[in-house]
Amino acid sequence: MVKDSILSYLRRHACHHIGLKAVLFDMDGVLFNSMHYHAQAWVTVMRSHGFDFTPEEAYMHEGRTGMSTINLIYRRQYGCDAPAGLVDSLYEEKCAVFASFPEPEPMPGALQLLQQLKAGGIQPVLVTGSGQHSLFRRLDHFFPGMFSRPYMVTAYDVKQGKPNPEPYLMGLTKADVQPWEAMVVENAPLGVQAGVAAGIFTVAVNTGPLPDKVLLESGADLLFSSMQDLCDRWQDLHQMFSSITIV
Ligand code: CA
């Protein structure tokens with residue numbers, strides 16, 4: 001199954017080999033167990049303003065910029081774009097509700113996986129649509145020495161959020177690698193689409209409530225049940241990348 005996925009990627013992209021130099025990590029739902037707080041914050045704020053919004057929708061829209069999510073929901077309800085002032089204030093409210101929750105815990109297996117990458121000379125890169133102010137402090141605290149500013153793409157860096165490939169293309173540029181020298185780790189359907197659209201081998205970790213098929217239908221090359229699962233099988237996967245070559 002892993003071998004078939006790698007072969008299929010190589011044929012689709014007409015390349016010979018995945019020579020892994022960097023792994024591009026999404027943050028919420030991948031490095032931190034934070035998505036249930038985001039979903040709760042979205043539902044609370046949107047419903048308090050009279051919008052229909054379910055927790056599942058929060059997971060389906062995960063990865064978009066907050067502004068784009070608000071606009072989509074507004075347009076669905078009222079048939080026109082949301083006034084800019086309203087978009088800003090709703091997003092601020094959502095961030096305030098999120099910040100009132102306890103600090104999210106790191107995802108089990110994430111640090112261990114990062115340590116294996118570093119030990120193998122593979123560069124971890126952060127690619128998130130988040131612009132949370134506490135982001136850098138939190139990364140440093142829970143994943144010391146793993147991410148440095150030159151290897152981070154955040155909401156402040158990109159014009160287009162996921163599912164646009166821009167954030168992942170910028171991640172490649174920051175790591176100075178080609179798409180076939182990288183791998184993406186994502187938990188959200190739109191994030192998977194962004195990684196695939198950037199031409200990168202994209203691994204989904206299903207850490208939320210959506211069925212596996214949503215992530216597979218978004219184009220994920222492989223799917224793992226958790227970050228711990230990916231971490232436990234990392235050496236085998238890395239070995240497969242190294243050994244599979246097509247001519
Ligand atoms: Ca995510």
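Contact here means heavy atoms within 4.5 Å, and helices and strands are DSSP runs numbered from the N terminus. The model is predicted.

**Helix H9 and what follows**

- Helix H9 spans residues 189-197, and its buried residues are Pro189, Leu190, Gly191, Val192, Ala194 and Gly195.
- Gly199 comes after H9 and has a positive phi, near 85°.
- Ala198 sits in the loop that runs between H9 and E5.
- Ala198 counts as buried because its relative accessibility is 6%, under the 20% limit.
- Pro165 is 33 residues from Ala198 along the chain, yet their C-alpha atoms are separated by 4.9 Å.
- Pro165 is also one of the residues that Ala198 touches, along with Tyr168, Leu169, Leu172 and Pro179, when residues up to four places away in sequence are not counted.

**Thr202 in strand E5**

- Thr202 belongs to strand E5, and with a relative accessible area of 0% it is buried.
- The Thr202 side chain has a polar atom 2.8 Å from the backbone oxygen of Ile200.
- The side chain of Thr202 also reaches the backbone nitrogen of Val196, at 3.4 Å.
- Not counting residues up to four places away in sequence, Thr202 touches Val184, Val192, Gly195, Val196, Ala220, Asp221 and Leu222.
- Among these partners, Val192 and Gly195 are also buried residues of H9.

**Calcium site**

- The calcium ion has protein donors from Asp26 (OD), Asp28 (O), Glu62 (OE) and Asn187 (OD1), at 2.1 to 2.3 Å.
- Asp28 contributes through O, whereas Asp26 contributes through OD.
- Along the chain, the donors follow the spacing D-x1-D-x33-E-x124-N.
- Asp26 is buried, since its relative accessibility is 7%.
- Asp28 is likewise buried, because its relative accessible area is 8%.

**Largest pocket**

- The largest pocket holds about 820 Å³ of space.
- There are 40 residues in its lining, and those closest to the centre are His38, Tyr91, Lys94, Ser130 and Gln132.
- Two or more lining residues come from each of helix H2 (35-48), helix H3 (55-61), helix H4 (66-78), helix H5 (84-100) and helix H7 (135-142).
- H5 gives the largest share of the lining, with 6 residues.
- Sorted by class, the lining comprises 17 nonpolar, 13 polar and 10 charged residues.

**Backbone angles in loops**

- A cis peptide bond joins Lys162 to Pro163, with omega near 15°.
- Pro163 is in the loop between strand E3 (152-153) and H8.
- Ala14, a residue other than glycine, has a positive phi near 50°.
- The loop that holds Ala14 lies between helix H1 (2-12) and strand E1 (22-25).
- Ala14 is exposed, because its relative accessible area is 70%.
- Asp176, another residue other than glycine, also has a positive phi, near 60°.
- Asp176 is located in the loop between H8 and E4.
- With a relative accessible area of 69%, Asp176 is exposed.

**Val153 in strand E3**

- Val153 is part of strand E3 and counts as buried at 0% relative accessibility.
- Leaving aside neighbours within four places in sequence, the contacts of Val153 are Leu126, Val127, Thr128, Val158, Pro167, Met170, Gly171 and Lys174.
- Arg76 is 77 residues from Val153 in sequence, and their C-alpha atoms are 30 Å apart in space.

Notes. Residues are numbered from 1 along each chain as its sequence is written. This is a predicted model: local features need pLDDT of at least 70, side-chain atom pairs count only at pLDDT 80 or more; totals for chains, interfaces and linings use all residues. Side-chain values use heavy atoms; hydrogens and water are left out. On a 1 Å grid over the protein atoms alone, a cavity is a set of points where a 1.4 Å probe fits but cannot get out, and a pocket is an open set with protein on both sides within 12 Å along at least five of seven lines; lining residues have an atom within 4 Å of a point. Grid points are joined across faces, edges and corners, and a volume is the space filled by probe spheres set on the points. Helices (H or I, at least four residues) and strands (E, at least two) are DSSP runs, numbered from the N terminus. Ala, Val, Leu, Ile, Met, Phe, Trp, Tyr, Cys and Pro count as nonpolar, Asp, Glu, Lys and Arg as charged, and the others, Gly among them, as polar. Buried means under 20% relative accessible area, exposed over 50%, partly exposed in between (1.4 Å probe, protein chains only). Donors are N, O and S atoms within 2.8 Å of the metal (3.2 Å for Na, K and Ca); water is not among the atoms, so sites may look incomplete. A polar contact is a pair of N or O atoms within 3.5 Å; within protein, one must be able to donate a hydrogen and the other to accept it, and residues adjacent in sequence count only if both atoms are side-chain atoms.
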